[in-house]
Amino acid sequence: MAVEFYVDNWLVGAGAVGLLKVLESNGLEIGMFVEGRKLRLSEEVWENLPLFYADRLLKEGEETVKRSIVKLSGKKKEEGLKNPYNQVVLSKLGDFYKNSILTNPSGKHVKKVEEENKKLVAKYGSLEKLLERWEEYWAEVSKLIREAIHSAFGKIMNGEEDEQGPLCFFCRSRRAYKTDKGYKTFSAENFTPLSASPETVNNFFYNGINSMYLCKECELLLYFARFGFTKVLDKYLFVYTPESLEGLLSINRRLESKGWLSVDVIKESVLSVIKEVEPDKAYWTLENIYVVEIQPVSEATSNIYTFSIPPHVARVLASRIEKYPKSLDGLFDLFLDYVYQGKSLYEFVHYILSGFLYGEGLKKKVEDKTPTGRLLRWGTERGLGGLLFLIKFQEELAMQEQDKDIRWAYMEGKKLLQAYKESLKDDDRVKKKVSTISYRLLEAVRRKDENYFSQNIIRAYLEVEKPVPSVFLSALKGGLERVAYAFLIGLNAGEKEDVEGTSE
């Protein structure tokens, strides 16, 4: 009889994605298990999940075990010989399933591997001889670890079901199974980042009673969640979107290959929703794209952060994300951070412009790894390509349709630059003049000083005997940042920045 799971939250989603990755690593075609957001496993595959799980861990753990033995070889006594089970299993799963059936070091199956491994080592006579016959040794150790994991998972898979028991919290179709403490509930051992003990988990529930009952099928699925997450530095990341399971798997594969929340990952998330979901449901779906971040803070506890796309941001993403300029790909994580936190993208633009205008002198005052430092360095080294996109995005977030003014101000900046070139006829003098005006206008925007901005605009146009364009009236009617930044980009970018996407 087939075992089915329906993915409707990020934790089950991580389990399903992790399980599919494990099946794929074992040579199975994952398309045969997926139907929309439903995961369906045949009885044969279900029964062999513990062995598939073990094989995935063994593929990643062999080098770890071999390195530790190489390090010990040459010594008279095998002091410090480690339990290969812990090296293969605990090193990979400890952050997620501390004191679980798989990682509890006092488990009988764990101790059995340690004892049998000592016998194996003794059989070879020395570590040097063991290394000479490594393939033979590793085959025997792999068999021990596979048997241990099968034994551990067997305690779940052979759980006693009760037709009168409560429904599973996650699938809402199967019944929770019985343990010696009562019906099984979701606890810290199933997903360590929640807390260090079941007592802490219970604090989340009414009267301290945990009502998140677990059937054996869903419990086993949750043990695959670790493979669904991608480790990035000291964090674990998972992108969840309520679309097809294949789409969810694809997005997290991209996350795994890119190693960060890259523009491609979020673009794929958003665009797949726009293309696959009915228009009237697309915004709702976009609002339910979650990025889950887990950051371990101690041996048994972690902080979990989830952030989703607010409704108004979802609408703007739907209309703008496909035009996100390639020239700004390297700042996409900061772009997302600004948008999700509701920070103005004008600050984002201001730092890049400051880096461009003030160069190394300003950049040296801020650490490169900080968001501000990265933006300043970007302006210093990369220029102003793509910044008009940010201005238009910010205006739409503010529910303003001002694309015409933005484009107009940008073009007036380019025209003024050309007027200076024709008037001064010397590149150094033009550069000095543009820099002086830009410093003053940037300072006026920073101070939100409309009078100072107006005085310098009038002076700039008087010097080339040109009338002040009427677009600057918008700057005096609440649109100072919009007009000023677009004008500054045009004044400093010139013609060459169009190639980089300044004007989209």
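**View 1. Helices α14 and α17 pack against each other at about 130 degrees.** In this predicted model, helix α14 (residues 332-341) and helix α17 (residues 371-382) have their axes 11 Å apart. Axes here are lines fitted to C-alpha atoms, for helices over the stretch in contact, and angles run from 0 to 180 degrees between N-to-C directions. Helices are DSSP runs (H or I, at least four residues) and strands likewise (E, at least two), numbered from the N terminus. The pair α14 and α17 is therefore oblique; angles under 35 degrees count as roughly parallel, over 145 as roughly antiparallel, 65 to 115 as roughly perpendicular and the rest as oblique. Their crossing is left-handed, meaning that the near helix is turned anticlockwise from the far one by less than a right angle (clockwise would be right-handed). Asp333, Leu334 and Tyr338 of α14 touch Pro371, Arg374 and Leu375 of α17, where contact means heavy atoms within 4.5 Å. Sorted by class, this contact has 4 nonpolar, no polar and 2 charged residues. Ala, Val, Leu, Ile, Met, Phe, Trp, Tyr, Cys and Pro go down as nonpolar, Asp, Glu, Lys and Arg as charged, and the others, Gly among them, as polar.

**View 2. Helices α15 and α18 pack at about 160 degrees.** Helix α15 (residues 345-358) and helix α18 (residues 387-397) have axes 9 Å apart, and the two are therefore roughly antiparallel. This is a left-handed crossing too. From α15 come Leu345, Tyr346, Phe348, Val349 and Ile352, which meet Leu387, Leu390, Ile391, Phe393, Gln394 and Glu395 of α18. That contact counts 9 nonpolar, 1 polar and 1 charged residues.

**View 3. Helix α1 packs on α2 at about 75 degrees.** The axes of α1 (residues 10-25) and α2 lie 9 Å apart, and the angle makes the pair roughly perpendicular. Look for Leu19, Lys21, Val22, Leu23 and Ser25 in α1 meeting Val45, Leu49, Phe52, Tyr53, Arg56 and Lys59 in α2. The tally for this contact is 7 nonpolar, 1 polar and 3 charged residues.

**View 4. Helix α3 has several buried residues.** In α3 (residues 84-93), Pro84, Tyr85, Gln87, Val88, Val89 and Leu93 are buried; that means under 20% relative accessible area, with exposed being over 50% and partly exposed in between (1.4 Å probe, protein chains only). Their cover includes α2 (43-72), α4 (108-124), α6 (134-157) and α9 (225-228). At the start of α3, a side-chain oxygen of Asn83 comes within 3.0 Å of the backbone nitrogen of Tyr85.

**View 5. Arg320 of helix α13 pairs up with Glu396.** Arg320 sits in α13 (residues 311-320) and counts as buried because its relative accessibility is 7%. Its side chain makes a polar contact (2.7 Å) with the side chain of Glu396. A polar contact is a pair of N or O atoms within 3.5 Å; within protein, one must be able to donate a hydrogen and the other to accept it, and residues adjacent in sequence count only if both atoms are side-chain atoms.

**View 6. Gly490 is buried in helix α23.** Gly490 belongs to α23 (residues 480-493) and has a relative accessible area of 0%. Leaving aside neighbours within four places in sequence, Gly490 contacts Tyr410, Gly413 and Lys414.

**Notes.** Residues are numbered from 1 along each chain as its sequence is written, and side-chain values use heavy atoms, with hydrogens and water left out. Because the model is predicted, local features need pLDDT of at least 70 and side-chain atom pairs count only at pLDDT 80 or more, while totals for chains, interfaces and linings use all residues.
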